[in-house]
Amino acid sequence: MPPVNRTARVAALRPRYQDDLARGTARFFRPRRTDCPWCGSARLAVRLRTPDLLQHKPGRFVLERCRDCRHTFQNPQLTDKGLEFYYRDFYDGLGEENLATLFGTHERAYRLRAGAVTPHADPGSWLDVGTGHGHFCAAARALLPRTVFDGLDLGAGVASAQERGWIRRGYRGGFVALAGELAGRYDVVSMFHYLEHSADPGRELAAAHRALRPGGHLLIEVPDPRCAFGRLLGRWWLPWLQPQHLHLIPAANLRRRLTDLGFTVVAQEHAQPHDPVDLLTAGWLAVNRLAPRRDEPWHPAPPGRARRMLRGAVLAAGVPVLTAGWLLDRLLAPVAHRVGLSNAYRLLVRREDG
């Protein structure tokens with residue numbers, strides 16, 4: 001059977017989206033909380049207000065920061081139904097092919113992540129939480145041929161990873177709910193750009209502690225909310241990633257929470273996790289905001305010829321901006337971690353208690 005073209009897929013999805021939107025987006029949000037979910041302080045300040053700059057689905061999103069512990073979080077936070085609506089057709093469905101291609105280009109980064117563990121452990125079993133389509137595990141196996149990799153994710157990609165042989169077993173579901181089944185099974189648990197998507201990061205960390213054997217290692221990589229680009233670029237800084245990123249945790253906060261759970265910090269890294277794309281992606285978000293695609297099913301009708309021509313003209317005009325951003329990102333990359341521009345950090349911790 002020939003593949004269904006994108007236009008037909010969009011047309012088939014449009015009725016469901018239009019039905020969702022007819023009932024409004026307010027129902028997708030929890031009540032706004034008045035205290036910090038990390039430390040309980042009531043000293044909150046708005047850090048960012050933004051629309052969805054990636055898919056351009058309707059809605060406005062707010063990030064607030066605690067003045068005491070500096071934790072940044074989405075407030076009001078999306079409900080489970082809201083998360084389903086805004087994630088739909090991003091990692092799967094209409095967005096699956098593009099995201100799979102993008103993730104497939106990061107093999108060097110995946111090997112560097114795996115290499116963060118090898119000086120400290122020779123793992124027999126590794127669980128990658130938020131594994132997506134399993135690209136990290138496929139790349140890491142070349143560096144760690146003795147290690148057996150499993151993957152866990154909410155999406156259907158984890159089943160594809162198992163079918164390809166990139167992981168031994170794929171678990172589909174929430175990590176917190178599955179932690180009892182996985183208790184004490186793993187030498188390493190990894191969470192690469194996963195924790196910021198979690199509604200309750202503390203419970204995810206406790207689940208990782210439970211899944212690890214005593215002496216096992218937890219490897220975490222997350223965006224760094226203290227990155228100066230977050231202030232300089234505002235809503236155009238990609239790691240804010242609204243509405244998907246619910247919590248952005250300063251490294252000091254994460255270290256303390258992990259220590260409280262019974263972990264010992266083995267290593268903290270800011271230079272290697274930095275992905276030099278901040279200015280390039282800021283330019284892309286701005287250009288794409290000026291002339292969005294508008295052919296997605298959450299818009300009531302496909303774009304007309306004039307709108308398509310406008311988008312083509314804006315994209316062409318934006319090429320010099322994107323080129324300049326790409327060049328500056330690479331010029332700054334070698335010193336980014338020294339001048340507060342590293343956009344991510346990595347923590348490796350060891351479970352000490354029995």
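Visitor: Before we look around, what makes two strands count as a pair?

Guide: Two strands pair if DSSP finds at least two bridges between them. Keep that in mind as we explore this predicted model, which has twelve helices and eleven strands.

Visitor: What makes the protein as compact as a globular protein of its length?

Guide: The globule rule gives 20 Å for 354 residues, and the radius of gyration here is 21 Å, close to that value, so the protein is as compact as a globular protein of that length. Along the principal axes, its C-alpha atoms fill a box of roughly 65 × 55 × 45 Å.

Visitor: What is the strand order in the open sheet of four strands?

Guide: The order is E1-E2-E3-E9, and the pairing is antiparallel.

Visitor: How do you know that strand E3 and E9 pair?

Guide: Pairing needs at least two bridges, and two bridges join strand E3, residues 72-74, to E9. Therefore E3 and E9 count as a pair, and they run antiparallel. In one of these bridges, Phe73 has His247 of E9 as its partner.

Visitor: Why are strand E1 and strand E9 said to stand at the edges?

Guide: Strand E1 (44-51) and strand E9 (247-248) each have a single partner strand, so one side of each is left without a neighbour in the sheet.

Visitor: What share of the residues counts as buried?

Guide: Buried means under 20% relative accessible area, and 47% of the 354 residues count as buried. As for the surface, the protein exposes about 16700 Å², with carbon and sulfur atoms supplying 55% of it.

Methods: Residues numbered from 1 in each chain as written. Predicted model: local features only at pLDDT ≥ 70, side-chain atom pairs only at ≥ 80, totals over all residues. Heavy atoms only, no water. Rg over C-alpha atoms; globule rule 2.2 N^0.38 Å. Buried < 20%, exposed > 50% of the residue type's maximum accessible area, 1.4 Å probe, protein only. Areas by Shrake-Rupley, 256 points an atom, 1.4 Å probe, with all protein chains shown as cover.
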